[in-house]
Amino acid sequence: MSDLEIVVCMKVVPKSEEIRVDKESLLLERTGVRSEINPPDMNALEMALLLKDDQPARISILSMGPPFFEPILRVGLAMGAERFFLMSDREFAGADTLATTYTLAQGIEKIGDIDLIFCGEESADGATGQVPPGLAEWLDTPQVTLATELTVDRKKRIARVRREIKGGHEIQEVDLPAVISVKTASNEPRFIDYHRKPWAFEEAKVVIWGHDDVDVEDGYIGLRGSPTVVSGLREAEVRERRKEFLRGSPEEVAKEIAKRLQGILT
Amino acid sequence: MTVDKGPIEIDDALWEELIEITDGKAAPCYQCGVCTAICPWGLVRDEPLSVRSIMRGAQLGLLEAEEAIWLCTACGQCEIYCPRGVPIVEVFQSLRQLLWEKRKTPAGLTPILWSVYWNNNPLSQPPSQRMDWADGLNLQIFDSTKHEILLYFGCTASYDSRAQSVARAIVEVLRAADVSFGILGEEEPCCGEAVLRLGHSPYFQDVAQHAVDIFEKFDVSKLVALSPHCYDVFRNHYPNINESFEPLHYTEYIANLIEADRLTLVGNLSSKISFHDPCLLGRVNELTDPPRAILETVPDAHVIEMPHSGPDTLCCGGGGGRMWMETPPGERFSDLRVQEALDVGADIIATACPLCISCLEDSIGSMGVTKLKVRDIAEITQMALGQESKNDVVEE
Amino acid sequence: MVASLYAPSEANKALWVFLEIEGDGFASVSVELLSKGRDLADRAGWTLCGLLLGSDISDRANQAFQYGADEVWLLDHPLLAQFDVCGYSHATMQAIKEGKPSVFLLGATANGRDLAGRLAVRLRTGLNADCTDLILDEDRAVLISEVTGFGGGVIALLESAEHCPQMSTVRPGVFIANDPDPSRQGDLVEMKVNLKKAEIRSRIVARHVGEGVDLTQAPVLICGGRGIDGDFESLRELAALVDGEVGATRPPVDEGHIDRERQVGQTGIVCRPKVALNFGISGAFHFIVGIQDAETIIAINTDPEAPIFNHADYCIVENAHKILPALIKTLKTERE
């Protein structure tokens, strides 16, 4: 039986505490802002690596973003992924979820013959959690979201997934190929494998695809392919703790606390 | 470990790995067992940590992902007494390194490494907030043409509010002595000590190299570190930066300032003080004199020694990466230390390490002790500066 | 530009709400959306419709009318007995193609998000997820959604004026549910569902609900430290009154007053509740790490110099044993 073919969709996000909004252009200020791999994507990669610990598998990282994503995401290769495809083109920029999932789906089709697609539950910047189901729809595959554990039965061509739901969990069986979103912090992503590190950061060839390299319709990608428009943007107030002292008798203070609780919770 | 219970299967491949990764350092051990006898774990547990068995295992090629390997606080007490000079702490760290390679580390440790990787600190704190604590202090970025020393705070002092008070104290003391100093600000690199102690040597090399690159960029010669943990790695585990790189612990530096008459302590302390030597200061780096020299010049400070002092200091339990692991109540070395301080009648336990402060204060709280306070040497020095110094505005 | 399956000019001035089944009724968020939808529909003169999928659930339509729906579009089919995103997507598409609503709202529950994500792509339309507010611009027939991004650092207003249906998901608890009006009635629109077994490509094999404690999901976290002297009974009583969970610092856990699974902090659990109420906690750094992202932090401690007061919004210098009974009493009185 051939290797299990897995794609893990990953992206780089700005560190959320450093985000600033340019008040005039309504754009996010990027200069000097530190980046990191979207933390839930690390959990997604770890779930793929756990599968690979148990059976022959080939893991490909797929990302859509500007060139600076490349050196950062090589960490995934150092953790154990074999290939890294970066879809990078000005034409892809400005994409909302519809255009992003469309573009990623075309990338997955081009890689070809994939058994499992893993995504992080959501992203630290947009946090919509809509990429996994959208991706599954474009690819016409089933999906299971909020996965915390997963096993594969190659013979039956299914995956058995433990899924977190409100108040507990369910076990689902899903036909392959399938899109799986991995619950944030559901595992501990392994650290860089230092035996892989020199190859991962220097020798490994990252495949970069522009919009001409993939089978995409121009009207469906980037800004043009995005029905959602941002009509306003502002910085939320930075949470500085108020450090307001409430004084009085215990009864008076209790009333103050209750008042504030009511305000916050309703 | 089942080492002494009859014939055992030796895995040749594992034996080779162990010899290689420990660089054969366990070889001189002749199993005398002094290490086990002297290890502080024997003071808090019925079964001591069998350092001897672990050394034996390293010699023979036996390895179990045991709790024992992660108990070591790197206090170095065993090394002082080992008759053959076996670098036991290093052997433990090599065993941990092997466990990293085999992916058999306890939960909760990998995130520490990732935190250093993404955030430049092991505390999962935002890198952009590293200098928030110093708002309003007007600290200057290090300029090798102007500044006598680079003041290196380290991650704990930058983010832990208790340790920040020590950082502020040092700043005030240096200004009172008219020392021209600079800092690295947000560019201050994590020293990587947590990574070293947790056993990930290869990653530690990368972290150290990155820090070295920054020190070279800023042309740093004299570095004064707040934490003995940072100081120890700079002094003993970093590659050579250049001929003139000189890391100092701040207690050494302040003691020198006092001796050179750049600093005079006038404030009355009126307390009985016991100095708790941090392992990495007093034992491993033999810096037992400077903190005591400072205390000696503080008017009305009655210094009393606890039984385990100087090179025999009793570890607080926070080293060796243990700050990131749970130590059950009743097994905390710092509880014993607090009792020693109470027994000699001290009002203050003085120390010079942010991790010691954390462990000791924790123990004081859990033991319900009210008459004992923990103070850092920097804080005591600051208190003893006297009223006048507070009004000085010193420009760098 | 990608075009949605039907243009805004073809859309009906209707707001649709996906009614997620839970127990004998609907998930709270579905009811909250009906209430908000009623409000938006009233102002704009639009129709509010509930979308109900399931097997043998026609009787539930009445509940939807009582919560404000003018119409309920019913898709009743044995294969819809359990939520399956592929099956529900197929069926919903049939209804939407028929009803052509201008706006379609879903609760951002686990299943709601799955359904919304697939449908938005199938419909080739925009989807605004986890909205914190919704505004209907009647002149343009455009739904404006407010969302937060970047861990709460940024607030954006989003719209997709040229695509239909305009889809948004909203988290439970953002809007307030109105009281049901038992006299209210509405129109039931029954749709014939075309669904084949092969279209269901995943199966729920087991379900375990109601086990374990998950502090990270609690909107209110009530933490006790050394200063409460083990009185977690009072904390539990308080927690029950505010739908919260009880957490602790390490010392009470060590002393056996409470389970380690409730320990909050660097070596315990890290939470992001709406409110963290801290009793008798000094505020050592390794604890603060566990709650520092709470929206509001309230701290009660006898020591005015306690470090926790540097990390709190509201600070009370008092003995926890005095505040707790007073607070419990106040909250109980308010309930009545």
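In chain B, the C-alpha centres of domain 1 and domain 3 lie 28 Å apart; the domain bounds come from an automatic or database domain assignment. This is a predicted model, in which local features need pLDDT of at least 70 and side-chain atom pairs count only at pLDDT 80 or more, while totals for chains, interfaces and linings use all residues. Residues are numbered from 1 along each chain as its sequence is written, and chains are lettered from A and ligands numbered from 1 in the order in which they are written.

Let's stay with chain B for a moment. Its assignment gives domain 1 (12–101), domain 2 (110–258) and domain 3 (262–383). Where domains 1 and 3 of chain B touch, domain 1 brings 12 residues and domain 3 brings 15; a contact here is two residues whose C-beta atoms, placed from the backbone, lie within 7 Å.

Now turn to chains A and C, where 67 residues of chain A are in contact with 69 residues of chain C. On the chain A side, α6(A) gives the most, with 11 residues. Helices (H or I, at least four residues) and strands (E, at least two) are DSSP runs, numbered from the N terminus.

Strand β15 (244–245) of chain A pairs with β17 (residues 314–317) of chain C in the parallel sense, over two bridges.

Technical notes
Two strands pair if DSSP finds at least two bridges between them.
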